[in-house]
Amino acid sequence: MSHTGSSGGSSPDVGRRRRSRRPHAQEDTVEAEAAGERLRQLNIDEGDDREHNRMIRNQYRELISAVQQNRESILSSKSNRLTEALEEANRIFDEVRQAREAALDAQFLVIASNIGKEKANELHSEMSAFDSTAFAEDLLTFMGINRTEVEEDDDSEDVPGGFLPSHAWQKMGEEASKYLRRAPTFHYMMGSFKSEPPVRKQRIERQKKASRGKAERAMPAQLKEMEQSHLEATEKEVERILRILQTHFENDPNTSISFFDFVVDPNSFARTVENMFHVSFLVRDGLAEIKLDEDELPIIEPVKPREGEEESRAAARNQVVISLDQSQWKEIIETFQITEAMIPPLYQTEEELET
Amino acid sequence: MSQRKRSKGLGGSQFSTQMTDGEDDSIPTQVKRQSQDQVNQKVSELVQFLLVKDQKKIPIKRADILKNIIREYKNAYSEIVKRADRILQEVFGLQLVEMDTKRHIYILINNLPHAEGQHPYRAKEKEKNGLLLVILSFIFMKGNSVKDIFFPGALWEFLHLLRVYPGKEHSVFGDVKKLVTEEFVRQKYLEITPTPLTDPPEFKFQWGPRAEKETSKKDVLNFVAKMQGKDPTFWASQFSEAEASQANT
């Protein structure tokens, strides 16, 4: 090792480090070159024997597999199995010629050292030896293993003969449940619904809203028309009835008209009621009067416009509610022998036209 | 009031405690009663939510609770959770436990003392319980963690002894490897951590946080002792560790 002269770096420390590294590096490269040379020589001479190498690899793989599979027994037993495995690996290594096989050796070494470390751990910690094999046996016994019969297909050689009954793990689970605070899961006894409705409901609602909207928009226009026509119809009808009444009275001013004769339509109960309805407007507006005659039967007559307004107001206003049902209506028709309506109907229904 | 359409739930008005409104006249009683009703509703909904979420045994995140149930009542979060827990305890014999206080993850555990006799678990659950306890026992007795190369490894080797082969389809457990390495891990019963820079890759098997809550070292040791017909003190260091662990809780 020789120190080269000062190289005049920015910081003296860094420079020193650089200087001290260089000699080591030089040494390493020399060694590496030598090793590489040796390896190359090996390759050229003997390494190309593929059969040999394959055999070596197989041996390593077998060894690794054996160690891994019997790991528990290597750990737990006080035997020298680990040492034996290492010695075996050493023997195989003597035959190694190429890096590929050497890599397998390295792999084995990793596994072996892991096991070694675990073994050391078990010695070091005061963990009382836990024999997992014995534990497994006890578990099987608890689960009710039947050792008399031997399994038909027994690929694994480690497992002793015997077979477990079908409820083995149920039994294990039953026991285990005592030691676990696992929350039993919640389930509906009768199952639950599938979550489809919500989607459909939305669609239905939207449709309904849409149709409603249109209907509402159409309604105001229609309603106005209807109401107007309705009002007009009523007014017109009332006027018509008044005219009929006045006409009758003009023709025969001295004969009072029987109320029933006037309103009843022997062909239609509905129209009778309508007529009474319209007549009530006349009475309300003071255009017609309903009085009782000598026989205590109601008569109707148009009211002549009086001279003084006070008198019209002074006229007694009585409120009367008339109820009429169909049987009464028929009785009236019979009693008063009403054959035709004094108030001709505006339109005739199909039934009437037929008869 | 669209929430009213949902069923009142198991909590409902029967189980929610009557909260006195107090003499706060600044808030009109009408409004206050309405929001109190809403809070009651939330409690019931949370109880149902937790019960359903627990079916898969996957831990429940606080974020999910806030998003799905609490929503605008964030201020009442702790009250709602506390009351839901109370209902779970008093009505169902379960307990809401915060498994991870940093990330706020919850699980449900059984609050009732260990009873002899029938347990209300389904068949599949019971069987998994069995396998789970066996694995947890193995890990504990081996010193709390089992380091291994996956295939094969100490744990797998142990399961082989029990006729459970993670490579093969099991008549009871099906895909055992998936059950152990995925389901149990997702449910936080087991923790499998890979050790970096190992080849072949090495994994460490440990108890998961759910296992810590649902059982104890003492219980597990008792189980092992019972199975092996020995006194728990037979394994001196495991015993002392179990005692120490119990003292800490």
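Modeller: Before we look at any pair, note that helices (H or I, at least four residues) and strands (E, at least two) are DSSP runs, numbered from the N terminus. This is a predicted model, in which local features need pLDDT of at least 70 and side-chain atom pairs count only at pLDDT 80 or more, whereas totals for chains, interfaces and linings use all residues. Residues are numbered from 1 along each chain as its sequence is written, chains are lettered from A and ligands numbered from 1 in the order in which they are written, and side-chain values use heavy atoms, with hydrogens and water left out.

Colleague: How many salt bridges does the structure hold over all chains?

Modeller: Side chains of opposite charge can pair when their charged atoms come close. A salt bridge is counted when a side-chain nitrogen of Lys or Arg is within 4 Å of a carboxyl oxygen of Asp or Glu, and over all chains there are 21 of them. One of them joins Arg91(A) to Glu88(A), at 2.3 Å from N to O; both residues belong to helix α4 (residues 81–94) of chain A, where they sit 3 residues apart, about one turn of the helix.

Colleague: Which residue forms a salt bridge with Lys291(A)?

Modeller: The partner of Lys291(A) is Glu301(A), with the closest N and O atoms 2.9 Å apart. Because Lys291(A) lies in strand β2 (residues 288–292) of chain A and Glu301(A) in strand β3 (residues 298–302) of chain A, the pair ties together parts that are 10 residues apart in sequence. Lys291(A) is partly exposed at 32% relative accessibility, whereas Glu301(A) is buried at 16%.

Colleague: Which residues are linked in a network of salt bridges?

Modeller: Glu175(A), Lys178(A) and Lys226(B) are linked in such a network.

Colleague: Which residues touch the most other members of the largest nonpolar core?

Modeller: A nonpolar core is a set of buried Ala, Val, Leu, Ile, Met, Phe, Trp, Tyr and Cys residues joined through side-chain atoms within 4.5 Å. In the largest one, of 54 residues, Trp169(A) and Leu162(B) touch the most other members. The largest share of this core, 10 residues, is supplied by α5(B).

Colleague: What is Trp169(A) in contact with, leaving aside its neighbours within four places in sequence?

Modeller: Taking contact as heavy atoms within 4.5 Å, the partners of Trp169(A) beyond those neighbours include Met143(A), Leu164(A), Leu131(B), Leu162(B) and Phe173(B). Apart from this core lies another, of 25 residues, among them Val39(B), Ala84(B), Leu96(B) and Tyr106(B).

Key
Buried < 20%, exposed > 50% of the residue type's maximum accessible area, 1.4 Å probe, protein only.
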